[in-house]
Amino acid sequence: MEKAFERFHRLILSKLKGAFSQEQEILQASEWVASTIQNEGWIYTAGTGHSHLLAEEIFYRAGGFARVYPILDPPLMLHESASKSSLLEREEGYAYKILSQINLSSKDTLIIASNSGRNAVTIELAQAFQNQGAKVICITNLAHSRSVVSRHSSGLKLYQVSDLVLDNQGEIGDAAVEISGIPGKVGATSTVIGAALLQAIMAQAVESLVKAGTIPELFISANTEEGEKYNDSLLEKYKGQVPPL
């Protein structure tokens, strides 16, 4: 009989295969990212609750673009109050408070993650970017999202207000491994799949830029001998423009 970790491993491999079969979507997303970098726009990232992990996944990362701006609002994350963040992400109008200090442009791209895609903050963030002519890429769980009712007064969900949708192939409720004797499942998959999709998109965007003759500004690991010195010039250039830096 398969052990729980073996079942999780098998499920992750299967879901990764399904996620990466979205080749057209991955290539389109990478094209928009490359265009944003080439036009000196910003790659914004966002997510509430555990999805904020994906907002940080490509920020200040080895091999990652310097022009990444994560929208990190502490009350919507987990370290101040996880339970309160679950309530706040449902509040209509809060997204616009977050964006009040950010100058959006049609050159920008937003990559936003939400497993359910049903809560007001992520829906309104996507709408705000679209209203400025920016591209919106969402990573969501279509099976889950389609199984629930929107918590936004419009009745819309994140995948319905995004220009491009990447399905993380997840289970309803995210956890995927059944263990006899407990309610629900264990072994959430959305972060693993979402992070893999993000890194694949970024790698493809870099390759496309280089082939087009553009060498993008990329961070190198600060824990290598050459990395810290190399990154200093990028930090000096962008620290005043990206508050989380």
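Trainee: Why is the contact of Arg-61 with Glu-57 called a salt bridge?

Mentor: This is a predicted model. The closest N and O atoms of Arg-61 and Glu-57 are 3.0 Å apart; the rule asks for a Lys or Arg side-chain nitrogen within 4 Å of a carboxyl oxygen of Asp or Glu, so the label applies.

Trainee: What makes Glu-57 count as buried or exposed?

Mentor: Its relative accessibility is 17%. Buried means under 20%, so Glu-57 is classed as buried. Arg-61, at 37%, is partly exposed, because that value falls between 20% and 50%.

Trainee: How do you know that Arg-10 and Glu-2 meet in a salt bridge?

Mentor: Their N to O distance is 2.7 Å, and the limit is 4 Å, so the pair qualifies. Arg-10 has a relative accessible area of 44% and Glu-2 one of 33%; each is therefore partly exposed.

Trainee: Which parts does the pair Glu-171 and Lys-185 tie together?

Mentor: The two side chains form a salt bridge at 3.5 Å, N to O. Glu-171 lies in the loop between strand S5 (164-167) and strand S6 (175-178), while Lys-185 belongs to strand S7 (residues 185-188), so the bridge links parts 14 residues apart in sequence. Salt bridges with shared partners also join Lys-15 to Glu-171 and Lys-185 in one network.

Trainee: How many salt bridges does this rule give?

Mentor: The count comes to 6.

Key:
Residues are numbered from 1 along each chain as its sequence is written. This is a predicted model: local features need pLDDT of at least 70, side-chain atom pairs count only at pLDDT 80 or more; totals for chains, interfaces and linings use all residues. Side-chain values use heavy atoms; hydrogens and water are left out. Buried means under 20% relative accessible area, exposed over 50%, partly exposed in between (1.4 Å probe, protein chains only). Helices (H or I, at least four residues) and strands (E, at least two) are DSSP runs, numbered from the N terminus.
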